[in-house]
Amino acid sequence: MVGGSSSDPEKWVEEHGDYLFRCALLRVRDQVIAEDLVQETLLAALQARERFSGQSSERSWMVGILKHKIIDRFRKNIREHPVEDPEEMTAIPDEDDTFDKDGHWRLDRTAPMDWPDHPGAVLERKQFWESLSGCLRKLPPKMAQVFTLRELDELESDAICAMLRISSSNLCVLIHRARKQLRQCLEVNFFGHREAH
Amino acid sequence: MQIGPKQDVKQLKLGIGPIVGWLIRITPSCQDMTRLLSEAMDRPLPFGMRMKMRLHFLICKWCERYKNQLLFLRQALRRDPDKVEGEGAASSASLSPEAKDRLKRVVSNS
């Protein structure tokens with residue numbers, strides 16, 4: 001039984017094209033490369049359609065292919081353009097003023113607020129996901145790359161270090177900054193205005 | 001001299017003041033806590049450090065919030081990756097009509 005065979009490849013473009021494109025864009029931050037990845041994915045899906053079992057939805061099957069293609073692309077990029085200075089990425093100091101000189105939160109500005117709603121209820125709100133997507137798109141590319149590999153693709157840190165050829169301490173710094181920035185962005189954009197603690 | 005709730009609080013504060021000061025000295029700063037809390041999500045930290053972090057939570061609700069909020073973000077993203085990957089924001093990018101036509105040509109010609 002070939003689950004996907006009834007589907008016309010041209011229809012795939014209409015049905016899944018935009019979805020795959022956004023999924024790729026979130027990770028590679030380049031329209032041309034993202035389009036390229038969608039094309040590679042569709043071609044690979046076309047070749048492998050006999051093997052599509054129909055166990056999962058057609059879309060999640062294609063997203064799975066896309067993720068492999070993205071990881072291949074990352075590996076290839078690193079082979080072709082190895083990072084000359086491995087410290088370069090994290091050399092830029094964390095210039096923000098989240099903490100005072102003693103390393104404590106600034107209670108009037110940056111200390112984490114009590115996020116009010118029940119977490120489960122928040123996840124049902126469209127606006128939450130819009131804010132979160134917007135905040136993800138604001139992350140600098142390198143941070144977004146490691147963050148999505150870790151939190152969306154659920155790769156282990158060691159695997160990410162090996163793939164991107166970065167040290168584990170560099171990865172730690174990048175992911176820490178990504179999480180911090182994302183949390184802060186979501187607090188400002190979704191959870192609302194800062195009030196007294 | 002009045003004895004009331006205010007004074008109780010004052011006395012209480014006097015009583016725990018040195019302990020709080022001690023905890024501030026022996027536990028990581030909030031800045032270090034944010035770094036460590038992130039690291040703890042990716043690899044197990046040594047026992048001693050985990051204990052110091054727990055002690056820090058006794059004196060700092062903000063770091064505890066920070067930790068819970070990072071975990072909340074992780075759960076949200078892992079439970080519903082679709083929501084940010086594809087559907088995402090209404091303002092999300094989409095393929096141009098030209099790109100779609102090109103892709104259709106590519107898939108139908110192979």
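User: How are domains defined here, and how far apart are the C-alpha centres of domain 1 and domain 2 of chain A?

Analyst: Domain bounds come from an automatic or database domain assignment. The model is a predicted one: local features need pLDDT of at least 70, side-chain atom pairs count only at pLDDT 80 or more, and totals for chains, interfaces and linings use all residues. Residues are numbered from 1 along each chain as its sequence is written, while chains are lettered from A and ligands numbered from 1 in the order in which they are written. In chain A the assignment gives domain 1 (9-80) and domain 2 (88-189), with C-alpha centres 26 Å apart.

User: What secondary structure do chain A and chain B have?

Analyst: Helices (H or I, at least four residues) and strands (E, at least two) are DSSP runs, numbered from the N terminus. Chain A has nine helices and zero strands; for chain B the count is six helices and zero strands.

User: How many residues of domain 1 of chain A are in contact with domain 2 of chain A?

Analyst: Two residues are in contact if their C-beta atoms, placed from the backbone, lie within 7 Å. By that rule eight residues of domain 1 of chain A meet nine residues of domain 2 of chain A. On the domain 1 side, α1 and α3 (58-80) of chain A each supply at least two residues, and α3(A) gives the most, with five.

User: Which residue classes make up that domain 1 side?

Analyst: Ala, Val, Leu, Ile, Met, Phe, Trp, Tyr, Cys and Pro count as nonpolar, Asp, Glu, Lys and Arg as charged, and the others, Gly among them, as polar. The side of domain 1 of chain A that touches domain 2 of chain A has four nonpolar, no polar and four charged residues.

User: How many residues does the contact between chain A and chain B involve?

Analyst: There, 47 residues of chain A are in contact with 42 residues of chain B. Elements giving two or more residues to the chain A side include α1 (9-28), α2 (31-48) and α9 (168-189) of chain A. The most come from α1(A), with twelve residues. By class, this side of chain A has 26 nonpolar, eight polar and 13 charged residues.

User: What share of chain A and of chain B is buried?

Analyst: A residue is buried if 20 or more other C-beta atoms lie within 10 Å of its own, exposed if 12 or fewer, and partly exposed in between, with C-beta atoms placed from the backbone. Of the 197 residues of chain A, 34% count as buried; of the 110 residues of chain B, 25% do. B:P18, which lies in helix α1 (residues 5-26) of chain B, is exposed because it has 9 other C-beta atoms within 10 Å.

User: Which residues of the largest nonpolar core touch the most other members?

Analyst: A nonpolar core is a set of buried Ala, Val, Leu, Ile, Met, Phe, Trp, Tyr and Cys residues joined through C-beta atoms within 7 Å. The largest has 48 residues, and those touching the most other members include A:L20, A:A24, A:L66 and A:A178. Its largest share, ten residues, comes from α1(A).

User: Why does this core lie between domain 1 and domain 2 of chain A?

Analyst: Both domains give residues to this core, so it lies between them. Leaving aside neighbours within four places in sequence, A:L66 is in contact with A:L20, A:C23, A:A24, A:L37 and A:T41. Another core, of twelve residues, lies apart from the largest one and includes A:W105, B:M33, B:L37 and B:C60.
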